[in-house]
There are 2 protein chains.
Amino acid sequence: MIAEIIAVGSEMLTPHRQDTNSLFLTGGLNKLGVSVAFKTIVGDNFQHLVSAAGIAIRRADIVIFSGGLGPTEDDLTREAAAAALGIDMHRDPAVLESLRQRFAERRIAMPPNNEKQADVLDRAILLNNKTGSAPGQWLDTAIPGPEGHPHRKIVILLPGPPSELKPMFDAECRPRLSAVLPQRYIATRMLRMALIPESTVDARTAPIYQKFTDVETTILAGSGEIQLHFSTTKPSQKEAQARVDELAELIEREMGEDIFSAQGTSLEEVVQLMLGLRDLTLSTAESCTGGLLAERLTSIPNISRNFIGGAVVYSDALKTKFANVPPALLEQYGAISPEVARALADGIRDFTGSSIGIGITGLAGPAGPTSGPDAGRPVGLVYISLSDGEDTQVKQLQLPGDRERIRLWASQHALEMLRRHLQ
Amino acid sequence: MIAEIIAVGSEMLTPHRQDTNSLFLTGGLNKLGVSVAFKTIVGDNFQHLVSAAGIAIRRADIVIFSGGLGPTEDDLTREAAAAALGIDMHRDPAVLESLRQRFAERRIAMPPNNEKQADVLDRAILLNNKTGSAPGQWLDTAIPGPEGHPHRKIVILLPGPPSELKPMFDAECRPRLSAVLPQRYIATRMLRMALIPESTVDARTAPIYQKFTDVETTILAGSGEIQLHFSTTKPSQKEAQARVDELAELIEREMGEDIFSAQGTSLEEVVQLMLGLRDLTLSTAESCTGGLLAERLTSIPNISRNFIGGAVVYSDALKTKFANVPPALLEQYGAISPEVARALADGIRDFTGSSIGIGITGLAGPAGPTSGPDAGRPVGLVYISLSDGEDTQVKQLQLPGDRERIRLWASQHALEMLRRHLQ
């Protein structure tokens, strides 16, 4: 069974907006054992919509439309699906009544254009919309194939807003699709690594995962992280899970401590768990990352038990005030130096009384200082230091890319340095 | 002239990856007066690719493929475009030679599968790839239309990596498209507003922009910001610019100080400009936003002249240490109180010696404290305070949504409060 997702809306044909529903829908379909073979994005144009709908209905077994179910003139998905399938629509009195009630509750007269939200493809089942007004539709039908035999087709119309589409897919489509599809059991696993080149991970893991021809392996790389995704389908859930677990264990044995998460948790969460288990507290003194490390740590709920806070020490004066960095040190070595990184980590730890202090100083660019002790230092030069009261380590990095990338990778290196220290 | 973009790659049919090249390509095409009518995403499957290519070539005047030009077995875009167009390919000796040289420079023997990167559609022009190995291709051809007359078609093959696709489109495709397309002049403007409901903006601006039927107006809302995009096409650049400027000025008059940017600059940049113009310095003391405000400010290059730094005061002890918040105040009112917000803003300003201090305290969730003076306070309750030495203002917010959204909106409110204060 293959599926096609059609995202409807002219805003997704501008440089500003993108279809994101299809990622969610693809995840849901994959879990049911259905692959997505095509995604089409089409504007609010009747002719284009009918053409795209016709093509999808011919080439896919399951066609899911998202968007174009609202009350405005631009909302044409119902009409286009009907035209492409060559079937009629009727106005459903119960839907009409519930639309009227929604307006009555807000003490507004319903504008007549809203009535079209009650138009239903003949023989379609209505899908309840718990979070919005337009119901979805489910049509289980057949069209003649090239050789004349009927081909079964599932056509699903879903509203565009993710807050309506997601609960509707989960509550109304998933069980219906399960009932229609052959019973299959899928298991997945994800292993996560930080800061290792993708080619290194592939060179070391390919000889292992290539032997598991029944497991689909995907390597994703980005933002200083490598993810290995494993997925397999078996006659029983137990068998499927055992197979991806078997592969994951072999890869874990090969990559060892490079793997920060064997169950999908993020680097921030792993760090929080490890700090929590060892009952340690952390503080940070950030220059070039400007609060990004603290922001990433505090994106995790309940981290306040272990992360007590930190300082963004953008100016030299604040490096001294918040982290006791001696002005003489700044003058002698410059702010972007291993000496100052070390002083920041030690200083913030002392000042806050935390178990561990992290200091970051560097040059995120686009330009560097032209005078003083830091003059001529290259953009991308970053020092990260970690102090635990016994020892203070410093790491020097030369990061490529623009300001945003340098800051992101510097924060990633700091988190990974902390994780390896805690391990 | 209408265009279709075909993004090629099985990874974009997973729940993890999305096509982003099409946003860049759409922007480039729109500037040349070409609308994108369809976007198709298809995997590395020869049959699916040929089918998608054939449909696109029939329904669009310009078809741009991104991806599938590499050396692996999965890279099938060249072959599929040739099959769909019914034309042959030849192996270009010059491309072959330059591929061999690339490998020779790295002292590696070229694996034979790389040779297919030299396969060129007959009569296609090669597009130079300055940042990678596979050249792009440009084919200006014609296919018979439904009524038998030839229809001109431009078919463009571009590599998938954005770092190769973007410079190739700019250097090799833009001038060729300009030469082929009828001369048109497009002007655009963007107005940006923060924290106003989209419906309010639309209600106040629609009566104005609806009179400009020759200007396309798009309203985009997200992350606490509203953008109004205007675009028009005229026989001269001057005329086009004058028309969007005329509309922008009327909207500016209506929305007044709600507009933070009339030229497209971000809220962070506007704040930086205003601080710079008035030669003011800023410091921040953040609790629930955990460094997000500092991180957003420091994403702007050269802000170090005005933003000297700040503190992430997650624990009560650090609120006292970094911003001199009296422990008695924390005990009496709790950390999530207007009193503590005020003390944070005043305290960080005093401690750092900056012209302006901002304090943020609140409850980002998912759960709130169950004991102490903050017990029972609702998730989403946030206080933001701004102190300038003469006056200290405090704003109370009740923000909806999850932890991420509450933190983002709190930082947005702080930036907007600062902008309005500086205005």
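View 1. Strands, like helices, are DSSP runs numbered from the N terminus (at least two residues of type E for a strand, at least four of type H or I for a helix), and two strands pair if DSSP finds at least two bridges between them.

**View 2. Zooming in on strands 16 and 17 of chain A.** Strand 16 (residues 381-387) of chain A pairs with strand 17 of chain A in the antiparallel sense, over 7 bridges. For A:S385, the bridge partner in strand 17 of chain A is A:V394.

**View 3. How the two copies sit together.** Chain A can be laid on chain B with an RMSD of 0.2 Å by a turn of 180° and a shift of 0.1 Å along the axis. The two copies are thus related as by a two-fold rotation axis. The superposition is by least squares on C-alpha atoms of residues with pLDDT of at least 70 in both. As for the interface, 100% of the interface residues of chain A are also interface residues in chain B, so the copies meet through the same surface.

**View 4. Helix 7 of chain A has a buried side.** Helix 7 (residues 237-255) of chain A has 19 residues and reaches 27 Å from its first C-alpha to its last, close to the 27 Å expected at 1.5 Å a residue (the expected span is 1.5 Å times one less than the number of residues). Its buried residues are A:A240, A:V244, A:L247, A:A248, A:I251 and A:M255. The face turned away carries the exposed residues A:K238 and A:R253. Buried means under 20% relative accessible area, exposed over 50%, and partly exposed in between (1.4 Å probe, protein chains only). Just after the helix, A:G256 takes a positive phi of about 55°.

**View 5. B:T141, tucked into strand 7 of chain B.** B:T141 is found in strand 7 (residues 136-144) and is buried, with a relative accessible area of 13%. Leaving out residues up to four places away in sequence, B:T141 touches B:L85, B:R123, B:H151, B:R152 and B:K153, where contact means heavy atoms within 4.5 Å.

**Notes.** Residues are numbered from 1 along each chain as its sequence is written, and chains are lettered from A and ligands numbered from 1 in the order in which they are written. In this predicted model, local features need pLDDT of at least 70 and side-chain atom pairs count only at pLDDT 80 or more, while totals for chains, interfaces and linings use all residues; side-chain values use heavy atoms, with hydrogens and water left out.
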